[in-house]
Amino acid sequence: MMVSASDLHWAAGFIDGDGCVYQSRTTPMITATQKDRWPLDKLVALFGGTIYRHVRNESKGHIYYRWDLYGNAAAGVMMTLFVLLSPRRQEEIREILGRWKTQARGSFTAR
């Protein structure tokens, strides 16, 4: 699938509004949770990742879906969407990627 500028703008708005960027241990992560699966399917088509189905109370229809993207792929999406995101998200991403880059450098040992 070819990713268009409108796809990137849609993804930035969606992730800015309904997503979460964070770092799990040393790994950058992006998640989004929805009752409707289709926006998450679109994120998978654009960037990859995994969708998980969660049930709070199936008899009451409390079913929701969560999209997860982590590691280098999440870092790449953060960098790609950075200029389209809100100042608050940009600051979160600066912190996450700053720690990630520092940790990545520290994990290599000279021989």
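In this predicted model, the protein carries 15 positive and 10 negative charges, whose mean positions lie 6 Å apart. The accessible surface amounts to about 7,000 Å², and carbon and sulfur atoms account for 52% of that area.

The protein contains four helices and four strands, which follow one another from the N terminus in the order α-β-β-α-β-β-α-α. Its C-alpha trace spans about 60 × 30 × 30 Å along the principal axes. Of the 111 residues, 36% count as buried. Among contacts between residues at least 6 apart in sequence, 59% join residues at least 24 apart.

Helix α3 comprises residues 72–81, and its buried residues are Ala74, Ala75, Val77, Met78 and Leu81. Viewed down the axis of α3, these buried residues fall within an arc of 160 degrees, so they line one face of the helix.

Six salt bridges are present in the structure. Two of them may be followed in helix α4, residues 87–106, where Arg89 and Glu92 are three residues apart, about one turn of the helix. The closest N and O atoms of this pair are 3.0 Å apart. Arg89 is buried, at 5% relative accessibility, whereas Glu92 is partly exposed, at 24%. Both residues belong to a network of salt bridges that also links Asp16 and Arg88. Arg94 and Glu91 likewise lie three residues apart in helix α4, and their salt bridge has its closest N and O atoms at 3.3 Å. Arg94 is partly exposed, with a relative accessible area of 46%, and Glu91 is partly exposed at 36%.

A further salt bridge joins the side chains of Asp41 and Arg37, at 2.9 Å from N to O.

Notes:
Residues are numbered from 1 along each chain as its sequence is written. This is a predicted model: local features need pLDDT of at least 70, side-chain atom pairs count only at pLDDT 80 or more; totals for chains, interfaces and linings use all residues. Side-chain values use heavy atoms; hydrogens and water are left out. Helices (H or I, at least four residues) and strands (E, at least two) are DSSP runs, numbered from the N terminus. Buried means under 20% relative accessible area, exposed over 50%, partly exposed in between (1.4 Å probe, protein chains only). Contact means heavy atoms within 4.5 Å. Accessible areas come from the Shrake-Rupley method with a 1.4 Å probe; for residues, only the protein chains shown count as cover. Lys and Arg count as positive and Asp and Glu as negative; His and the chain ends are not counted. The place of a charge is taken as NZ of Lys, CZ of Arg, CG of Asp or CD of Glu. The arc is that of the directions from the helix axis to the C-beta atoms. A salt bridge is a side-chain nitrogen of Lys or Arg within 4 Å of a carboxyl oxygen of Asp or Glu.
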